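Biologist: Could you take me through this model? I would like to start with the overall fold and then turn to the aromatic residues.

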Amino acid sequence: PIAVIQDSENTRTVYSLFDSLTIDLNESHSINVGGRLEVSKNKFGTNVQARRTQNLGTVGNGIVDPFLARSSGLYGGEDDNVKFLPKVGYIFHHGNNHYGVSYTEAYRSGGLSINRSRAVAVNYNPETTRNYELSHKYEVSNFSVATNAFYINWKDQQVSVRLSNDFYDTQIENASKSEAFGGETQAQYFINQMNTVSLSAGYVHTRFVDFKKGGVSYSGKEFPNAPRVTTMLNYRLLIGD
């Protein structure tokens with residue numbers, strides 16, 4: 001009985017200046033420093049037009065029409081940010097083994113989310129992560145294996161939330177605090193100059209540290225659709241020069 005048209009337009013412009021420098025202190029010790037300066041300009045908007053296509057009776061029309069009038073209209077905004085994202089690491093070399101520790105930051109801008117069921121627009125804020133990593137790499141002429149363990153501290157994570165049993169009653173919200181930790185390993189074997197095979201596997205555990213919505217607490221729960229274990233087998237054939 002209701003027809004809804006939603007026309008959205010989002011524009012994002014990003015200017016970045018970034019660099020990374022590795023300094024070998026001696027044969028055993030290296031440090032890596034870097035950073036990324038990012039200026040982002042986001043413009044987002046949507047036009048929601050909802051109308052009743054059937055006569056729902058006096059009572060029904062009286063309930064639906066005011067709701068549609070409130071839902072219809074132009075929504076939009078701008079989100080301009082300047083962020084500096086640092087990177088610092090240390091590597092210890094011992095023979096064919098390389099041990100490392102690093103810290104980096106990452107960032108994603110905010111935007112506008114459309115709840116298709118309620119025909120409303122919802123603004124969400126930027127999210128940032130602080131990433132800590134321990135790594136080890138062993139390599140010889142035709143074989144290498146790399147392993148790392150990581151911890152990610154998430155602030156204002158952008159999460160798609162379903163507000164009811166309605167499949168379309170979803171929108172993006174910010175979770176106050178979240179975290180993820182796990183490890184990855186990848187082995188690569190060079191059969192010859194033309195053939196390479198590699199195998200990788202990863203494990204990650206995710207959880208919301210502080211996230212409440214609609215009177216429901218998601219704290220302690222895992223991220224939706226986040227697999228704990230991932231694997232990949234890859235074969236590469238080089239043809240020609």
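Modeller: We can begin with the fold and then consider the aromatic rings. Please note that this is a predicted model.

Biologist: How many helices and strands does the protein chain have?

Modeller: The protein chain has one helix and 13 strands.

Biologist: What is the radius of gyration of the protein chain?

Modeller: The protein chain has a value of 25 Å, whereas a compact globule of 241 residues would be near 18 Å. Its C-alpha trace spans about 85 × 45 × 35 Å along the principal axes.

Biologist: And how much of the chain counts as buried?

Modeller: Of the 241 residues, 28% count as buried.

Biologist: Changing topic, how many aromatic pairs are there?

Modeller: The count comes to seven aromatic pairs. One of them joins Tyr132 and Tyr151; the ring centres are 6.2 Å apart and the planes lie at 35 degrees, so this pair is tilted.

Biologist: Where do those two tyrosines sit in the chain?

Modeller: Tyr132 is in strand S7 and Tyr151 in strand S8, 19 residues apart. Tyr132 is partly exposed, at 39% relative accessible area, and Tyr151 is partly exposed as well, at 31%.

Biologist: What about Phe208 and Phe211: how are their rings arranged?

Modeller: Phe208 and Phe211 form a tilted pair, with 5.2 Å from centre to centre and 55 degrees between the planes. Phe208 is buried because its relative accessible area is 3%, and Phe211 is buried at 4%.

Biologist: Which residues form the aromatic cluster?

Modeller: Phe208 and Phe211 belong to one cluster with Trp154, Tyr218 and Phe223.

How values were computed. Residues numbered from 1 in each chain as written. Predicted model: local features only at pLDDT ≥ 70, side-chain atom pairs only at ≥ 80, totals over all residues. Heavy atoms only, no water. Helix = DSSP H or I, 4+ residues; strand = E, 2+ residues; numbered from the N terminus. Rg over C-alpha atoms; globule rule 2.2 N^0.38 Å. Buried < 20%, exposed > 50% of the residue type's maximum accessible area, 1.4 Å probe, protein only. Phe/Tyr/Trp six-rings, centres within 6.5 Å; stacked < 30°, edge-to-face > 60°.
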